[in-house]
Amino acid sequence: MAEYAVLNTGASMPLVGLGTGSDGALPLDRRKAAISAAVEVGYRHFDTAKIYNSEGFLGEALKEAMEAGLVKREDFFVTSKLWCSDAYPDGVLPALLNSLSALQLDYLDLYLIHWPIRLKEGAIQNPKPDELIALDLQGTWRALEACVKQGLVRAIGVSNFSSKKIMELLDFAEIPPAVNQVEMHPKWQQRLLRETCKKANVHVSAWSPLGAPLMYWGSPEILNNPIIKDIASNHGKAPAQVVLRWGLDNGASVIPKSFNKKRMVENLDVFGWHLTDEDHQHISGIEQKKNIDGSFICSPVSGPYKSLEDLWDGEFGL
Ligand code: A2P
């Protein structure tokens, strides 16, 4: 049985969502079939973004499920994100309309500013340093607020925002952000950010909650960690379920990615039990954010900033 987070808008968001970003290796029809399988096994929360190129096949799969009478639009919670090259006041509405059109939806449940940066037109993931433009956060946020007022989105929020940036946004927001979606897992526990967001009534959602085991910036170390494996064996659970339960126990929603039906089922089956205080203590002791080669776990989009510390206002890895 899925459970829900209640956002500061009053809306309910299923605590486990399916992430749809990928390296694109799997053909589109297989990715669409995976979404249909996800709907069938019970996923109702889907996370996409313009930059993932997943809005099209996600929209098709959801439409087919609705046409088949399996689900209604209001059963789904769909999040998309404003890409950095559209993150300026006049860029917001056209970008949102494009996302809605790709998704074949007339509203989004949640629309997030993808990163706290603006990039030149055409810049994609891994941007070059000279593609970075200063973000007009207030103007961009006002444009997002207008989209809520028009009924095009039910809630707005941010992604990859430090505590400092959240506080800056709260200072002028007429509609406060409902969600801050950030990389969060046992090797990047986001302790300070969780405290800040809790006090500010901003829900934290964890992207790559499994630590992105196959990505070059991620790490298989988390699912293979002996502490996690021990806890999993004590509870009769899979390591991935322990890692997801850790996020949920810490008040976050989790958005694991999988295109495999068996692992989708496993990732949704994380309710009705908790980690013990002792489990939490052990996980707290896991070394933070150092990758095998000494580099850090993070998304490559942070490149335009001088450093991750800079992007995260000194909070990186806390
Ligand atoms: P797959 O699509 O083959 O299931 P994250 O969400 O942290 O970015 O991690 C996504 C990656 O984790 C994907 O490569 C996915 O592969 C893999 N994955 C998803 N669920 C599980 C699971 N339950 N156990 C092991 N690996 C998983």
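This is a predicted model: local features need pLDDT of at least 70, side-chain atom pairs count only at pLDDT 80 or more; totals for chains, interfaces and linings use all residues.
Local features need pLDDT of at least 70 and side-chain atom pairs pLDDT 80 or more, whereas totals for chains, interfaces and linings use all residues. Residues are numbered from 1 along each chain as its sequence is written, and side-chain values use heavy atoms, without hydrogens and water.

UniProt lists His114 under "binding site" in an unreviewed entry; such annotations may be inferred rather than shown by experiment. His114 sits in the loop between β6 (110–113) and β7 (118–119). Helices (H or I, at least four residues) and strands (E, at least two) are DSSP runs, numbered from the N terminus. His114 has 5% relative accessibility and therefore counts as buried (under 20% relative accessible area; exposed is over 50%, partly exposed in between; 1.4 Å probe, protein chains only). Leaving aside neighbours within four places in sequence, His114 contacts (heavy atoms within 4.5 Å) Ala49, Ile51, Tyr52, Lys81, Leu82, Trp83, Ser159 and Asn160.

Helix α10 spans residues 277–284, with Asp279, His280 and Ile283 buried. Seen down the axis of α10, the buried residues fall within an arc of 100°, so they line one face. The arc is taken from the directions from the helix axis to the C-beta atoms. Those buried residues pack against α7 (226–235) and α8 (239–249). Exposed Asp277, Glu278 and Gln281 lie on the face turned away from the buried side.

Helices α2 (residues 55–67) and α3 (residues 92–103) have axes that come within 7 Å and cross at roughly 45°. Axes are lines fitted to C-alpha atoms, for helices over the stretch in contact, and angles run from 0 to 180 degrees between N-to-C directions. From α2, Glu55, Gly56, Leu58 and Gly59 meet Ser99, Ala102 and Leu103 of α3.
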